[in-house]
Amino acid sequence: MTGAALADTREDTPDNNRDNPDTPTPTAEPEAAGKPPGLGDLLAPVRGRLLAAVVPQAAAAVCSMVPFIAVAELARALLASGGPDEGRAWAAAWTAVAALVARLVLYALAGGLTHHADADLQLGLRRRIARHLGRLPLGWFTENSSGEVKKAAGDDISTLHHLVAHTALEVTAAVVAPVTALVYLLTVDWRLALVALLPLLLGFWFFKQAMSGGDEVTGRFFASMGRVNAAVVEFVHGITVVKAYGRTARAHRAYDDAADDFAVFFRDWIMSTTRASSAAGFALSGPAALLVATAAGTLFVTQGWADAVDIVPFVLLGPALTGSVMGLAQSGHAVQGGMESARRLHALLATPPLPEAPAPQPLGQPGLVELSGVRFGYDDTTEVLAGIDLTLRPGTVTALVGASGSGKSTLARLVPRFWDVTAGSVRIGGTDVRELASAELYRQVSFVFQDPHLLRTTVRDNIRLARPDADDTAVEAAARSARIHERILRLPRGYDSVVGDDAVLSGGESQRLAVARALLADAPVLVLDEATSFADPESEAAVQQALSALAAGRTLLVIAHRLATVRDADHIVVLDEGRVSEQGTHDELLNLGGRYARMWALQKGDAR
Ligand SMILES: Nc1ncnc2c1ncn2[C@@H]1O[C@H](COP(=O)(O)OP(=O)(O)OP(=O)(O)O)[C@@H](O)[C@H]1O
């Protein structure tokens, strides 16, 4: 991906500002002092609307009980001992109709309010995340997988949808409807009403039994499930190695063991909770409520404690007392899921961005890159670069070579400010990269790394990503220089072929496409880290030659493992454990007879 292209997605700039105390500290999303932010903080922007939605929802829940109450009253009016009361019967019927209409309107109002709030919340969160991602150090993206970002920006925000749009309303209805029924039943016969509550109390008790040790069991469930998933992922990822080395049976066994452990745990868990949860389910079911209402009603009537007609309301409304409790358990799960998502979203939003210089400085001589006293470590314990002084001049190619792990890629990535130095400075055109506006920085530096990222669009648009207005001649010239033009012409639709669709490219071809893209971006500084490593030696040499020709007026920093491809570089820098151990031209370094000369002899021997 070219720097110029990335510039569009970034707004701000330097973190790790240990060297630069004047620069403001990174502005991660604020957190309440002492308390980790949670779901409540995330929902704060829509809290008012959610509360406003609860009012019509509560009224709708009352209205949902009114038709049952009306039917009960209708029965009592028609079956009254003094004969049918026609006026009361009609009043009950009309009340039922009015309540049904009101319920419809109120539900729509409440649902509209929460869905509106949900849409705003999602939009706001997605914008915040996109803005925040654009301000994170580029290095953050090398350490955090796109899967994690997708989970937060996509899945976690979607999880919040159910919570915001539905859960508050479901909980309100699940509480208000039974309370309405209970209040009415208390007015009919308070003794029978208390008896009708028995299934609810029993159900709660059994439910509590079923859930005992819930946190511990849930923890074990996820741990066990995690082991199964890890075994599957390991098996699938390593399938080629596993097969090639004939270890299929062993890899299978790891998966079998994890699956067996999970099966044993799950069986024990289900066995231990099945009885209690089934009993809870039965106690809270409609038939149990009916059974209690009719049995208690029969007793009351036969004992002369109540009129037969007063049993009707209990038969009609008894099931409503318990019907919504199981739904409440589901809502509990939704809240738990929402809290988990909120935690992840907050973690992402709390990642410190690179601070942007308050007053960005203008650029001096474009293309001049100076590293002075550069020290850097990914953590506080290990120093990867231990004092680098280096000048990359416009019009020259500088090659970084050295053993694996000597810090070449780290050094190259400090130029486009993937991270900030721990000490020292990186200057472009005389200005510290921390003092440059990020858009300016990415106009100055393009980079191509070993694993180029191509977008699922036409080859042409992939090449002109950084300069969408570039004409076809310019695109083709860049492709020619990167030695990929001929290959593109052989694609089914040439430059209009779509990557991943009818443009299926090898690793080396993708890299050359990325090089073409970087060339077209035309930044004064070009950083290439193993950018042609997948290419065969012949085309790698050809691309490197083309790049050298293009170096006129540009500053090139090249990392290549094959020394033959950089022997013509103007300046070769040998890194050893984070320090420059030798530097000079190919011939100078060979004459020196040091590390470079040994590496060269070794690679020449290999080549023979
Ligand atoms: N993102 C990272 N987080 C933590 N440590 C890292 C990270 N990237 C590299 N390192 C460590 O920093 C050291 C230097 O790595 P670097 O990739 O810069 O070396 P290199 O010379 O480019 O190696 P190679 O030639 O194998 O690519 C290594 O010890 C590596 O493990």
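Predicted model: local features only at pLDDT ≥ 70, side-chain atom pairs only at ≥ 80, totals over all residues.
Visitor: OK, what angle do helix 18 and helix 20 pack at?
Guide: About 125°, with the axes 8 Å apart; those are lines fitted to C-alpha atoms over the stretch in contact, and angles run from 0 to 180 degrees between N-to-C directions. Helix 18 is residues 472-481 and helix 20 is residues 507-521.

Visitor: Which residues meet there?
Guide: From helix 18 you get Ala474, Val475, Ala478, Ala479 and Ser481, and from helix 20 Ala516, Leu519 and Leu520, with C-beta atoms, placed from the backbone, within 7 Å.

Visitor: Switching topic, how many helices and strands are in the protein chain?
Guide: 23 helices and 10 strands, taken as DSSP runs (H or I, at least four residues; E, at least two) numbered from the N terminus. Contacts between residues 24 or more positions apart make up 80% of those with a separation of 6 or more.

Visitor: Where does UniProt put "transmembrane region"?
Guide: The unreviewed entry lists 50-71, 91-110, 163-184, 190-207, 279-305 and 311-329, though annotations may be inferred rather than shown by experiment.

Visitor: How far apart are the end C-alpha atoms of residues 91-110?
Guide: 28 Å, and that span is 100% helix and 0% strand. For residues 163-184 the distance is 31 Å, again with 100% helix and 0% strand.

Definitions and conventions: Residues numbered from 1 in each chain as written. Contact = placed C-beta atoms within 7 Å.
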